[in-house]
Amino acid sequence: MAAMNWLEIAAVCAELAHFEGAQVQGIHQPSPGALILDLRIPGANGLLLISAEDDLSRLHLIERRPPNPPKPFAFAMLNRSRILPSRLMALTSEAGERVVTLDFRTRNDETIRDYRLVAELTGRHANLFLLDADGVILGSLRPNHSQKRPLTTGQIYQPPAAHPYDKTPELRFDACDDAPFPANAGAAQHYGALSGGQSQDSRQHQAARTLRRLRKRNRRAIEAVKRDLATCERAPEWRKIGDLLQVHFHALKPGQREVILDDLIDGGEPLRVTLDPARSRGDNMAAYYAKAKKGERGQSSAAARLAELEAEGARLDDLATRMKSDDPEELEAVWAELGLDAASNISAKRRKPSERQPFRRFTSETGREIRVGRSGKDNDLLTFRLSRGDDFWLHASGYAGSHVVVPMARGAQLDPETLIDAATLAAHYSKARGGPVEVIYARVRKLKKAKNAPPGQVLLSGHKSLRVSAEPERIRRLMRGSELD
C-alpha cells in the first residue's frame, strides 16, 4: 500500500503549520479524487494537494497545478461557494492518526463564518468532508461507504475510531534539504514517482465506474421510453372508445364506473370501458379523445427518443469494449470521451473543445446545482430538452428573464435555502433585477410549450410563488460558486 502513513503525515503537517493564517486564493479539483488549495502568505505561496485516491491518499505541497476539468466537480464548487475567499486558521494532525483537519474563516462585510475540511487519508477508504461550524457535513469528495458512520450530507460528522499501531511506521521518503519545505518536497518527489503507474489504474477504475453508471442510466431510460411508446401505441384503441361513447352517448348514465359497448365500428366483440363516475358523459368521452391525441402526438417523439438512446447505448458498449485494451492511448481516448480527461495526459491540442452549454451553473447554500438559461432559445433548450419532469422550474413573474432549473431526483423535495437561492437568481437574471419581485415555481412536468410561441414562453398548469428581494451578500456568494463561462 502506497498511502501515506501517520508518521509521514505528521512530518509534512509540521511544515504546513507555516501556512496557518494564509489566504486561500483558489480551490481546484483536477480529478475526482483530489483537491488543491492555493495558499498565499507574505514571502511564500503554496499549492497544497489533498488526495483521496485509492491506495495513494496523501497530503503535501506541489510545484505545479494540473489543469482544471472542462466541467467543475461538485465538491470543488461547494468549497468555492463556502470558503473563497478565506483564511486557513489551523492545520492539525494527531500523532498515530491519518486524519488532518483544516479550519477556515470567511469574512463578508460584518459576517464571519467558520468551516472545517476533514481529510481522512486512510487508503482505500480515504475521503474529504466539508463541515460547517456545528460539525454538520455539507458535502464529501467521494461517496461514503462506511457501514458504521452515517457520513452523509446533513449529518453530524463522526471521526473514525482511534487505530492503535503496534509499531512506529517507516518514513519512506527523504527530505530535500535544499527546498524551503524539505519534507513536503520529498513527499512530492516520492509520490510523483508512485502516481505514474497508479494514476493509470486510477483513471481506468474511474472510467469503468463512470461507464457502468452511464450504461445503467441508459438502460433505465430505454425501458422508460419503451413503456411510453407502448402506451402511445394504444392511441387507436382510445380513439375507438371515444367514437363508441359518442355513438352510444344517449345510452350512458351519470355516475357509471364502467359500461359494455357493442362494437358498431368494426363489428367485433363488445368492449368493457372504464369510466370516471365523477365526470359527465361528455367529459368521459373527451378524456378518451384527449388520451388518443396525446398518444398520437407522443408516438413519433418517443420513437425518435428511443432511437437516440439505443444509439447512445451502442456508443457506450463500444467504449466498454475499448476499455479492455492494453493500449494506454486507447484508455486516454476513452477517458476523454467520457469527459474525464482533466487527469489524463492528453495534450490540449488533442482535446476537443467543450460544447457551449445553454445555461450558467451555480451552487446553492446546501450544495445543489442551479441552472440559469442564457437566452430565449437557451431557456427552451434548458426547460424542454435538458430537464426532467421532477426538476423544479422558476421564473420572475411578469418580467422577461432567464428560466431557472434545479435538477432533482424523482420525488425529491426542494429545500428552503435552495429555493430562495434559485428564486434570487431568477429575479437577478430578469428585467426586475434590483427590486422586490414575485417568482413563480413548479415542477417541469407542469410546463408545456405553446405552438408557435416565441422562445422562452411557456404554459403552466399549476404553480406556487414567493416574493424575493435583492440580497447583495446572497448574490455575491452565488457568483463566487458559479460557472459563468
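Reply: Helix α1, which spans residues 6–16, has as its buried residues W6, E8, I9, V12, C13, E15 and L16, where buried means under 20% relative accessible area, exposed over 50% and partly exposed in between, with a 1.4 Å probe and protein chains only. This is a predicted model, in which local features need pLDDT of at least 70 and side-chain atom pairs count only at pLDDT 80 or more, while totals for chains, interfaces and linings use all residues. Residues are numbered from 1 along each chain as its sequence is written, and side-chain values use heavy atoms, leaving out hydrogens and water. Helices (H or I, at least four residues) and strands (E, at least two) are DSSP runs numbered from the N terminus.

The part to study closely is an open sheet of six strands, which follow one another in the order β12-β13-β15-β14-β16-β19 with antiparallel pairing; two strands pair if DSSP finds at least two bridges between them. At its edges lie β12 (359–363) and β19, each of which pairs on one side only. On average, and with direction ignored, neighbouring strands of this sheet are turned by 25 degrees against each other, the axes being lines fitted to C-alpha atoms, for helices over the stretch in contact, and angles running from 0 to 180 degrees between N-to-C directions. Helix α8 (residues 416–428) packs on the sheet and touches β12, β13 (369–373), β14, β15 (404–406), β16 and β19, contact meaning heavy atoms within 4.5 Å; the direction of α8 makes about 40 degrees with that of β14.

Within this sheet, strand β16 (residues 437–443) is mostly covered, since six of its seven residues are buried. Strand β14 (residues 392–396) pairs with β16 in the antiparallel sense over five bridges, and A396 stands opposite V439 in β16. Strand β19 (residues 464–468) likewise pairs with β16 over five bridges in the antiparallel sense; in β19, S465 is the bridge partner of I440, and K464 that of Y441.
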